[in-house]
Amino acid sequence: MPARLREVSLSAALKRAAGTLRVTLTAIWDRWKAYERVEARGIALMSAWLSTEQRAQFEKYRRFDVIGSESGKRYRICYGTSTNVYEIDGSDRVVIGWCFRPVGCLAAGDVMLAQKIALETNERATLMVAKPFPSFLPPRANLPPVS
């Protein structure tokens, strides 16, 4: 004979569902606040390493430009963790995108700082491991330069 379901009052079921929802929303909120703290620390560390001009660019546009150590080419590093580095020509147009990042699950500020240091100190080795991607130009990459 099939097992019988026990009767549960509607109010008891709703109270249990509300309790589960409250615990779930609290966990989501706590995780979001922890994520915000990690992101803020990454941005603070990156900002400490930026030049005055780069910091002004980042504060205004959420991106900054760096000069390659060997070629003298200009690269634009946009906020993000991948496919966020663009080679810029003399007319301030994107030539090509470069995808490279450190290993691991890192905050955007930490990734951007690593990209900056890599291009400014060992551009050749960086581009040897980077994967080029076509410049279908997200709007953030073609913002005017900071004067």
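Q: Hi! What should I know about the model before we start?
A: It's predicted, so local features need pLDDT of at least 70 and side-chain atom pairs count only at pLDDT 80 or more, while totals for chains, interfaces and linings use all residues. Residues are numbered from 1 along each chain as its sequence is written, and side-chain values use heavy atoms, with hydrogens and water left out.

Q: Where do K33 and E36 lie?
A: Both lie in helix α1 (residues 10–49), 3 residues apart, about one turn of the helix. Helices are DSSP runs of H or I with at least four residues, strands are E runs with at least two, and numbering starts at the N terminus. K33 and E36 form a salt bridge, with their closest N and O atoms 3.1 Å apart.

Q: Switching topic: which residue does D65 pair with?
A: D65 forms a salt bridge with R76, at 2.8 Å between the closest N and O atoms. The pair links distant parts of the chain, with D65 in strand β1 (residues 63–67) and R76 in strand β2 (residues 74–78), 11 residues apart.

Q: Is D65 buried or exposed?
A: D65 is buried, at 9% relative accessible area, and R76 is buried too, at 0%. Buried means under 20%, exposed over 50%, and partly exposed in between, using a 1.4 Å probe and protein chains only.

Q: Which residues are linked in a network of salt bridges?
A: R63, D65, R74, R76 and D92 are.

Methods. A salt bridge is a side-chain nitrogen of Lys or Arg within 4 Å of a carboxyl oxygen of Asp or Glu.
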